[in-house]
Amino acid sequence: MHHRLHLLAISVALGLAACTSVPVAKTGAPTQPALTAQTLNSGGVMPAEQARVHFDHAELHFTIDPAGQSIDASATLSFTAKSATDVLLLDLDRNLPIGGIALDDQPLAATRWSNPDGRLRIALPAPLASGGKVRVTIRYGGKPHVAKKAPWDGGFVWSHTADGQPWIASAVEGEGCDLFWPCIDHPQGEPDLVDTYVTVPKTLAAPGNGVLIGITEEGDRHTYHWRAKHPDTYAIAINVGPFDVLKADYPSRYGNTIPLEFWYLRGQEAQAKELFAGFPRMLDFFEQEIGPYPFGDEKMGVVETPYLGMEHQTLNAYGNDYKQDGYGFDRLLQHEFAHEWFGNQMTNADWDDMWLHEGFGTYMQPLYSQYLNGDADYFSWVHGLRLMLSNARPIVSGSSKTEEQVYDEKTGPGQDIYNKGALMLHTLRQLIGDKDFFESTRRLVYGRPDPKPGNFSPRYATTDEYIAIVDKVTGRDLHWFFDVYLHDAALPRLDMHHDGDTLALHWVTEHGKPFPMPVEVQVGEAVHTVPMTQGEGRLQVPAGSLLIVDPHSKLLRQLPHIDAFRQWMKQQRKAKSATH
């Protein structure tokens, strides 16, 4: 799993410290069976067998054994056939042995199912007609895959606090939900409803996704029952530890009241309270700029984790150690919380559209900086992002992709889905204005321009749909804009030359695509907008005049001084590695 490299890279680019003081004694990953290629991959083209069913409900039971680093689990999954089918096709790591399977409470012979490579195939005793329903119960358990360096790779983290108490968490975005529960490991595999039961020793707590339905006790253990609606498959999470919890109610500008919860490690109360105090203002920013918090009838939740972070629905993982960086908010928490809108409410239909999660999610940090402290902080963020672009491959390919194909820095767009996606949105906002930009964003997230609590549901979206939304809202055809920024690897280049008192401007794109992007030019004290029809424009600039092209930094384009800096940084890294 590579995506959280972004959060460290931006810190380096902005000159921030990377110190840490989390009170934790981490447990190294043990020797474990390798994952199959099937389990390592998440997404891609959904198999026809999975596309035939709708995922109605998942009831998941986990008994956590901290000492043995194992789980005893069962999953009861309910489906409705969208078209006739004679098979259920699920995903589950084959290294979690299956003890038995039942269909509609009737045991199924072992000859009727197989899981040789992590794709669990269950033959139905009779064909299921369109509209028919089926319920499968799978008993399984063992040692779930352990992440070596979560969240860069997926799995469980079996850690301990400084005083030796178990501190456990899951992080599975990269490899997928099948690392610890049988699911449809695809962005469009979300169940309508998930009930999760987590049994742990009474000395520990088990915060989870959604609403706490209840806690039952049995001997020296207790079971937390959580219920969540429409969760992303990778957003279902296990969290176990010696937590205390801060709670409050947030009166939303939309009239509803949203529960706030922060589950933090005991002994961190002062820092936890300071972080928790920022929740309301952060929530108001998103509700003001984007729209209603999508899960207001559940909670806005955060849990302290023994890894950096992840956008687990209604319970964001937080392991940033309460760092400060001079911007007045916790960047990791704000980024992960942005995914409640861009990822959990609006989910990419395919991993190829992942920039919709990460580009928007990353752009929320400069926007929040502007909301809190004005333009200086906003442009500081924008510049930091600009220093990190690789522009090696397009951020959208136009074909179905797995998670690995998108995040791989050698063969995919990698970090550019964050940084280039965010900077493209910055330029789009300057081009179409705040009114149209934020209305387009609302329509993308909610499927409508007037979201209110109760009138929207989580939805899937694609890049093409977003482009169509922008065109509709603006009344313009902006395909040329997205075609260059999303489907070309290289940034557009603005060539300039002087012919006497005339400044000639010309856009050059990687594949010669049209790019009629207007350019602002300051001459003396006046700022002129050059229309750039057909990608070209001219402006009179008297000799000796002050001349600044793009004085307000609106344009995402090739800049020689940044290319030179990136080349210098590459040389520095190479020299440093040669001395070690």
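Below are some questions and answers on this predicted model.

Q: How many helices and strands does the chain have?
A: Let's start with the overall build of this predicted chain. Its secondary structure comes to 13 helices and 28 strands.

Q: What is the radius of gyration of the chain?
A: The C-alpha trace spans about 85 × 60 × 55 Å along its principal axes. For 580 residues the globule rule gives 25 Å, and the chain's own value is close to that, so the chain is as compact as a globular protein of that length. The radius of gyration is 25 Å.

Q: Is Leu 275 buried or exposed?
A: You'll find Leu 275 in helix 4 (residues 269–276). Leaving out residues up to four places away in sequence, Leu 275 touches Phe 262, Tyr 318, Tyr 322, Asp 330 and Leu 333. Buried means under 20% relative accessible area. Leu 275 has 13% relative accessibility, so it counts as buried.

Q: What kind of aromatic pair do Phe 262 and Phe 279 form?
A: There are 44 aromatic pairs in the structure. For Phe 262 and Phe 279, the centres are 6.0 Å apart and the planes make an angle of 50 degrees. Planes under 30 degrees apart would count as stacked and over 60 as edge-to-face, with the rest called tilted. So this pair is tilted.

Q: Which parts does the pair of Phe 262 and Phe 279 tie together?
A: Both Phe 262 and Phe 279 are buried. The pair ties together parts 17 residues apart in sequence, because Phe 262 and Phe 279 lie in two separate elements: strand 17 (residues 257–265) and helix 5 (residues 279–289).

Q: Which ring does the charged end of Lys 149 sit over?
A: The distance from the charged end to the centre of the ring is 5.3 Å. The ring belongs to Trp 152.

Conventions:
Residues numbered from 1 in each chain as written. Predicted model: local features only at pLDDT ≥ 70, side-chain atom pairs only at ≥ 80, totals over all residues. Heavy atoms only, no water. Helix = DSSP H or I, 4+ residues; strand = E, 2+ residues; numbered from the N terminus. Buried < 20%, exposed > 50% of the residue type's maximum accessible area, 1.4 Å probe, protein only. Contact = heavy atoms within 4.5 Å. Phe/Tyr/Trp six-rings, centres within 6.5 Å; stacked < 30°, edge-to-face > 60°. Lys NZ or Arg CZ within 6 Å of the ring centre and 35° of its normal. Rg over C-alpha atoms; globule rule 2.2 N^0.38 Å.
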